[in-house]
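Here is a brief report on the structure shown below.

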Amino acid sequence: MSLNRAWIHIRGIVQGVGFRPFIHRQVRERDLRGTIKNTSSGVELELEGERDALERFVAELPEKAPKLAVIEEVEVRWFDDCKGFTGFQILGSKTEALRDTLISPDIAVCDDCLRELLDPADRRYRYPFINCTNCGPRFTIIRDVPYDRAKTSMSAFPMCPDCDREYHDIENRRYHAQPDCCANCGPEVFFLDADGKRIPGDAIELARKALKAGKIIAVKGLGGIHLACRCDDPEIAKMLRRRKQRDEKPFAVMCRDVSCAEKICRVSEEERAILDGFRKPIVLLEKREAGLRHVSENGYVGVMLPYTPLHVLLFGDDFDMLVMTSANLSDTPMMTDNDEAVKNLRGIADGFLLHNRRIQTRCDDSLCWALDGREYFARRSRGYVPFPIRAERALEPILACGAEQKASFCLSRENYVFPSQHIGDLKNMETFEAYTGQIAHFERLFDIRPKALACDLHPDYLSTEYAAERAEREEIPLIRVQHHHAHLASCMADNLVSEKVIGLIWDGTGLGTDGTSWGAECLIGDFKGFERFGSIRPIPLIGGDLATKETERVAFALLREAGLDTSNVGNVAIYETMLRAGLNCPLSSGMGRLFDGVSALLGIKTKCSYEGQGAILLEAAATEDDGVFPIVSEGAPLRFDWREMIRAIVTAREAGEAAGRLAARFMNTLVEMAVQMCKAAREQSGIKTVALSGGSFQNMYLMARLPRRLENEGFRVLRHRRVSTNDEGLSLGQLMIAEAALHGSLNAGG
Ligand code: ZN
Ligand code: ZN
Ligand code: FE
């Protein structure tokens with residue numbers, strides 16, 4: 001028998017994910033002895049036992065580790081001498097405090113729990129709150145740290161002796177599962193009628209019956225309350241739209257399983273893996289055929305699978321899919337509270353499937369595409385938050401306050417950045433309150449006191465006002481970061497890159513350093529600074545913000561600038577007068593505006609009811625076409641002059657070419673324009689890496705082509721991987737830029 005001692009350092013994110021109980025079990029099973037302790041970059045083990053057992057322990061770590069653990073590196077050193085450990089001991093360390101505050105996101109119900117849920121012999125048969133160490137609510141039920149039951153919504157439910165036994169049994173898969181419960185001791189589900197009156201009987205059965213009958217039912221999930229209704233009847237979906245006052249914005253759909261999703265959408269292997277993984281975000285899937293217009297007017301449908309036991313039971317075998325949209329009123333936050341829902345959904349919901357486990361923290365469903373085998377986020381929220389992003393080095397503690405319409409914030413501590421969940425549009429008062437509330441919650445949970453604040457350059461963003469007011473009150477530095485520079489830095493940090501890059505930053509709008517609105521930028525820079533290398537010819541926005549809704553105003557401006565006939569466009573005389581007088585016609589170089597204008601020009605969408613609608617429908621309308629319109633770029637910064645392109649579009653339109661082909665040709669032109677611009681930037685700077693960021697890169701037509709084209713030209717292409725490409729991802733970039741400034745000045749000062 002050969003005994004050995006192994007020193008094992010596991011680097012990655014292995015705290016707050018049930019890693020220590022897992023190691024504990026592994027060590028016992030393999031008859032090993034030793035110690036475990038947390039380090040700043042992972043955990044350190046010292047184990048003694050048979051060489052075989054130790055080697056197998058190491059070899060099987062990655063595959064057997066808890067799903068949430070991110071193991072980046074395992075380093076092993078072998079020793080012949082043994083210290084004679086007798087048991088397994090957890091050692092304290094100075095970094096313990098932070099390690100213990102890492103908190104797991106909410107995890108979809110796991111296969112083991114599903115099996116028990118549907119097993120008539122199991123004591124939790126059909127119990128809608130079944131969970132275990134590997135699944136269930138986490139972030140959304142936590143009130144405070146350290147994370148244990150007393151500091152969660154589960155404190156209201158003392159464990160029964162059976163659950164308590166499981167909880168303390170290290171062999172049990174519910175060992176230290178804080179929300180562990182059963183029908184004897186845990187939360188209960190109930191059904192209320194439209195007036196909030198409790199209806200006796202099987203709550204889930206009652207809800208199901210109501211749904212079948214075409215009713216709209218509020219269903220309480222993990223991070224908020226949804227409105228659900230049948231998906232197979234357009235009239236019911238229209239009724240939901242009417243009641244919610246949501247005219248055109250797409251609804252998400254919850255499908256019973258992947259094969260049900262395949263009935264309406266194409267599902268690739270990569271998409272299936274994300275759709276049916278343990279986080280269960282909404283995945284934007286391409287429709288099989290035009291249809292389901294009552295759900296989504298574009299080429300994609302947002303699909304998710306049941307992620308709580310309650311959802312699973314609600315579906316049963318009765319539904320293939322249900323419309324499942326956040327319960328809220330026009331742009332207010334998703335509802336989380338029972339009484340609030342009953343009160344505010346009067347006239348909207350016909351019934352309520354609720355329960356008495358409090359949602360402590362709101363967390364919307366995450367929303368993403370599958371791109372190259374991983375999530376590409378439009379919204380990073382449930383299932384991902386508050387999982388941190390690892391930084392390459394220890395960071396100063398900073399709060400970055402994000403943008404406005406797609407608000408988010410980031411906090412840093414040591415080697416971690418904690419991005420917030422999806423917050424929403426701060427111009428809504430309740431959303432703003434949720435924003436400040438979540439900042440306070442995160443600071444408490446992760447024990448962070450910011451030394452500095454970062455915000456956007458735009459003085460009118462409510463996030464900027466918050467940051468400015470707070471910086472003054474706390475007498476700490478405030479670093480104002482240009483919008484597109486922050487996008488660039490966000491994409492760099494997202495890819496763990498710190499050297500200078502070319503940034504292709506395309507979005508709707510962001511305040512530039514020259515006081516005008518930017519939005520189709522080619523920057524060269526890093527965390528420390530940037531230069532504006534290229535952009536597009538500015539577009540006059542007739543009526544300012546109004547032009548983002550009434551996009552025919554943009555079409556008018558494009559035509560007029562290009563010297564073309566404008567008589568086919570709406571209120572010509574008024575627009576003409578405003579433009580002539582320069583009356584409320586701010587200039588914008590926003591890519592979103594160019595999309596809006598061309599979309600209107602092609603007759604695809606002339607009046608938009610939500611942000612980005614014109615661009616989304618233009619993408620959806622595009623058909624096969626390989627052509628490219630003429631590209632003219634000149635000046636410094638190098639500006640793409642779209643007038644030649646607009647003339648070509650109009651000529652082609654007059655020749656009777658289909659709008660769909662022209663939409664494709666327009667986007668092809670942007671791809672080639674981008675490639676040309678990046679090549680010019682490379683020529684000047686010698687930089688070969690291009691970072692893509694900004695809301696315009698939520699366009700999958702562009703994402704399917706532009707990175708490939710750039711790679712063919714010898715560029716390395718970075719795109720977002722862990723945070724959203726739209727303004728929600730902005731706070732990460734703000735933080736990195738502020739940190740670089742602060743770090744630099746601290747070093748200089750000390
Ligand atoms: Zn489970
Ligand atoms: Zn129990
Ligand atoms: Fe932006």
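## A covered strand and its partners

Strand β22 (residues 517-526) is mostly covered, with ten of its ten residues buried. Buried means under 20% relative accessible area, exposed means over 50%, and partly exposed lies in between (1.4 Å probe, protein chains only). Helices (H or I, at least four residues) and strands (E, at least two) are DSSP runs, numbered from the N terminus.

The model is predicted: local features need pLDDT of at least 70, side-chain atom pairs count only at pLDDT 80 or more, and totals for chains, interfaces and linings use all residues. Residues are numbered from 1 along each chain as its sequence is written, chains are lettered from A and ligands numbered from 1 in the order in which they are written, and side-chain values use heavy atoms, with hydrogens and water left out.

Which strands pair with β22? Strand β21 (residues 501-511) pairs with β22 in the antiparallel sense over eight bridges. Strand β23 (residues 529-536) also pairs with β22 in the antiparallel sense, over five bridges. Two strands pair if DSSP finds at least two bridges between them. Leu504 stands opposite Cys522 in β22. Ile524 stands opposite Glu531 in β23.

## Zinc ion, ligand 1

Cys110 (SG), Cys113 (SG), Cys132 (SG) and Cys135 (SG) coordinate the zinc ion (ligand 1) at 2.3 Å. Donors are N, O and S atoms within 2.8 Å of the metal (3.2 Å for Na, K and Ca); water is not among the atoms, so sites may look incomplete. The four donor atoms subtend angles of 105 to 116°, which makes the arrangement tetrahedral. Four donors count as tetrahedral if all angles lie between 85 and 135 degrees. The ideal angle for four tetrahedral donors is 109.5 degrees.

The donor residues are spaced C-x2-C-x18-C-x2-C in sequence. Cys110 lies in the loop between α3 (96-99) and α4 (111-117), and Cys135 in the loop between α4 and α5, so the pair ties together parts that are 25 residues apart in sequence. Cys110 is buried at 6% relative accessibility. Cys135 is buried at 0%.

## Zinc ion, ligand 2

The zinc ion (ligand 2) has Cys160 (SG), Cys163 (SG), Cys182 (SG) and Cys185 (SG) as protein donors, 2.3 to 2.4 Å away. Angles among the four donor atoms are 103 to 117°, and the site is tetrahedral. Along the chain, the donors follow the spacing C-x2-C-x18-C-x2-C. Cys163 lies in helix α5 and Cys182 in the loop between α5 and β6, so the pair ties together parts that are 19 residues apart in sequence. Cys163 and Cys182 are buried.

## Cavities

How many cavities of 30 Å³ or more are there? The count comes to three. On a 1 Å grid over the protein atoms alone, a cavity is a set of points where a 1.4 Å probe fits but cannot get out; lining residues have an atom within 4 Å of a point. A volume is the space filled by probe spheres set on the points.

The largest cavity holds about 130 Å³ of space. Of its 19 lining residues, Pro128, Leu222, Thr308, Pro309 and Arg357 are the closest to its centre. The lining has twelve nonpolar, five polar and two charged residues. Ala, Val, Leu, Ile, Met, Phe, Trp, Tyr, Cys and Pro count as nonpolar, Asp, Glu, Lys and Arg as charged, and the others, Gly among them, as polar.

The second largest cavity has a volume of about 70 Å³. Its lining includes Arg380, Phe409, Pro419, Val723 and Glu728. β18 (410-419) and α23 (730-749) are the elements that give two or more residues to this lining.

Most residues other than glycine have a negative phi, and most peptide bonds are trans. The peptide bond from Val385 to Pro386 is cis, with omega near 10°. Pro386 lies in the loop between β15 (374-379) and β16 (389-395). Ala636 and Pro637 are also joined by a cis peptide bond, with omega about 0°. Pro637 sits in the loop between β26 (632-634) and β27 (638-641).

His176 is not a glycine, yet has a positive phi of about 60°. His176 is partly exposed, with a relative accessible area of 37%. Lys280 is not a glycine either, and has a positive phi of about 50°. Lys280 is found in the loop between α9 (269-275) and β10 (282-286). Lys280 counts as buried at 9% relative accessibility.

Technical notes
Four donors count as tetrahedral if all angles lie between 85 and 135 degrees; four count as square planar and six as octahedral if opposite donors are over 155 degrees apart and all others between 65 and 115; anything else is irregular. On a 1 Å grid over the protein atoms alone, a cavity is a set of points where a 1.4 Å probe fits but cannot get out, and a pocket is an open set with protein on both sides within 12 Å along at least five of seven lines; lining residues have an atom within 4 Å of a point.
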